[in-house]
Protein chains: 2
Amino acid sequence: MALTGVDVSQRASASDIVFEALRRAIITGEMKDGDPLRQDAIARLFNTSRIPVREALTMLEQQGLVQTRRYKGAVVTGLSVDDADEIFDFRYLVEAHVIRAAVPRMTPGLLAEAGAICEALAVERDPQPWGDLNRAFHATLLGASGLSFHLAALGNAMDRLDRYVRAQLLLTEGHERSNTEHRAILAACAAGDADGAADLTVAHIHGAHQSLRAHLDGIKAGFGTG
Amino acid sequence: MALTGVDVSQRASASDIVFEALRRAIITGEMKDGDPLRQDAIARLFNTSRIPVREALTMLEQQGLVQTRRYKGAVVTGLSVDDADEIFDFRYLVEAHVIRAAVPRMTPGLLAEAGAICEALAVERDPQPWGDLNRAFHATLLGASGLSFHLAALGNAMDRLDRYVRAQLLLTEGHERSNTEHRAILAACAAGDADGAADLTVAHIHGAHQSLRAHLDGIKAGFGTG
DNA sequence: GTAGCGCATATTGGATCCGATATACAATAT
DNA sequence: ATATTGTATATCGGATCCAATATGCGCTAC
């Protein structure tokens, strides 16, 4: 029988769906720091009961995206400037390590894939899809390392920073610089220059970090102490 | 009124209690790789319903300590040798960074505290409390850094490795070497030698890593590919 | 008029119940 | 005898229900 099957047991559970939707709403900035997450409201929104919602909230709490206080509910976690600095430091350290490990393992196919994303980034104007493509670009390159533990930790770091980076990019038009840097990183990877790619990656993150800091100093306020 | 209060709203929920108990059972090796975690059985054990158990299992899954398959239940996650190598690499990288940041922030009081744990380690023969003290020693020193995100990631890395390290220590009597290395690390910290402490820490982790590899190569089997 | 108390309501945490799925075993047909 | 199918049981995911706690408002006492 020539029937292609799908593993139906891998379908997402209700908790997974709610989790992904909430996670996305938080990292894109759709939900702001301190916004409360009411179990009832979310359950109605997804046409489910509160049980899957609570499991989604516990997942988000483990990831540090929301904070829960007993009998008071969950709110979106805010980052202090110090917190953001620390997580950027983490990225400098780990992302350099991972890209170094990834470069020698990149196949032509993977480089082509990353190149395609890079091109898509260059013409994308909408901030939301741009942010998604940006993550996809880095995930593709870093993924070649096969270092799943490092990648999970980095993914969490990005999740915690993403909404601030996106908000800042939206205002400062840093897309152009980002795009040029992406091309440079990709070129180094294609050339098999692991150290170069690592340096460029660190510089790339540094740029985002500095822009964010400037932006925050500028508006002065914001950034709940979480 | 001179009455010191405690924030009663911070009492652990049932989920937290179950989570901590299961986490401990897993990281100490009390539960073996692949052991199933039956919701009913655990609920009865803690005299609660399955709801808090499920939330605990969700947390454990987020930490990578158990794996859940829909409608089939959760089992203790096993590490392949490659997985273990990767997590050790993560520790080399991050723990060196954190200890470097921690040294200049260590107070005499904190050093005294670490010293006390170090002494306790020297006379402790039981493997389980020795493992707990070992974690406490490193947590005390690293904690001085105040780098909460790094510390959380390192804690998770330790959680994933702990049972293997404990099992290996149990057989190879690596306690003595560990104790000497602890004293050296502590001395470097007390001397304010951040780079020295970092080097010694890396060497310390390296020792554990090599012992574990040797041990695994020796017994050959074990380590489900989980 | 104001500080403090008590009740009403909203919201969360946990228990119980029900439907869905997996697994093991028995029955049956070839 | 073996392979297939049906069924019984165990276990899980989710819904509903109840208890515990927080919050807001009105009332009372001074």
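Reader: Which residues of α1(B) are buried?

Author: This is a predicted model. In α1(B), the buried residues are S15(B), V18(B), F19(B), L22(B), I26(B) and I27(B).

Reader: What makes a residue count as buried?

Author: The test is 20 or more other C-beta atoms within 10 Å of its own. S15(B), V18(B), F19(B), L22(B), I26(B) and I27(B) are classed as buried, so each meets that cut-off.

Reader: How do you know that the buried residues of α1(B) line one face of the helix?

Author: Look down the axis of α1(B). The buried residues fall within an arc of 150°, so they line one face. An α-helix has 3.6 residues a turn, so residues three or four places apart point the same way.

Reader: What do the buried residues of α1(B) pack against?

Author: They pack against β1 (36-37), α2 (39-45), α3, β3 (73-76) and α7 (148-172), which belong to chain B.

Reader: How do you know that the span of α1(B) agrees with its number of residues?

Author: The expected span is 1.5 Å times one less than the number of residues. For the 14 residues of α1(B), that gives 20 Å. The end C-alpha atoms are 20 Å apart, so the two values agree.

Reader: What comes just after α1(B)?

Author: G29(B) does, with a positive phi of about 90°.

Reader: Which residues have the most contacts inside the largest nonpolar core?

Author: I99(A) and I99(B) do, in a core of 76 residues. Leaving aside residues up to four places away in sequence, I99(B) touches L141(B), L142(B), A197(B), A198(B) and T201(B).

Reader: Why are those called contacts of I99(B)?

Author: Contact requires C-beta atoms within 7 Å. L141(B) is one of the residues that I99(B) touches, so their C-beta atoms lie within 7 Å.

Reader: How many residues does each chain give to the contact between chains A and B?

Author: Chain A gives 21 residues and chain B gives 20. On the side of chain A, α3 (50-62), α4 (81-102) and α7 (148-172) each give two or more residues. α4(A) gives the most, with six.

Definitions and conventions:
Residues numbered from 1 in each chain as written. Chains lettered and ligands numbered in written order. Predicted model: local features only at pLDDT ≥ 70, side-chain atom pairs only at ≥ 80, totals over all residues. Core = buried A, V, L, I, M, F, W, Y, C linked by C-beta atoms within 7 Å. Buried ≥ 20, exposed ≤ 12 C-beta atoms within 10 Å, placed from the backbone. Contact = placed C-beta atoms within 7 Å. Helix = DSSP H or I, 4+ residues; strand = E, 2+ residues; numbered from the N terminus. Arc of directions from axis to C-beta.
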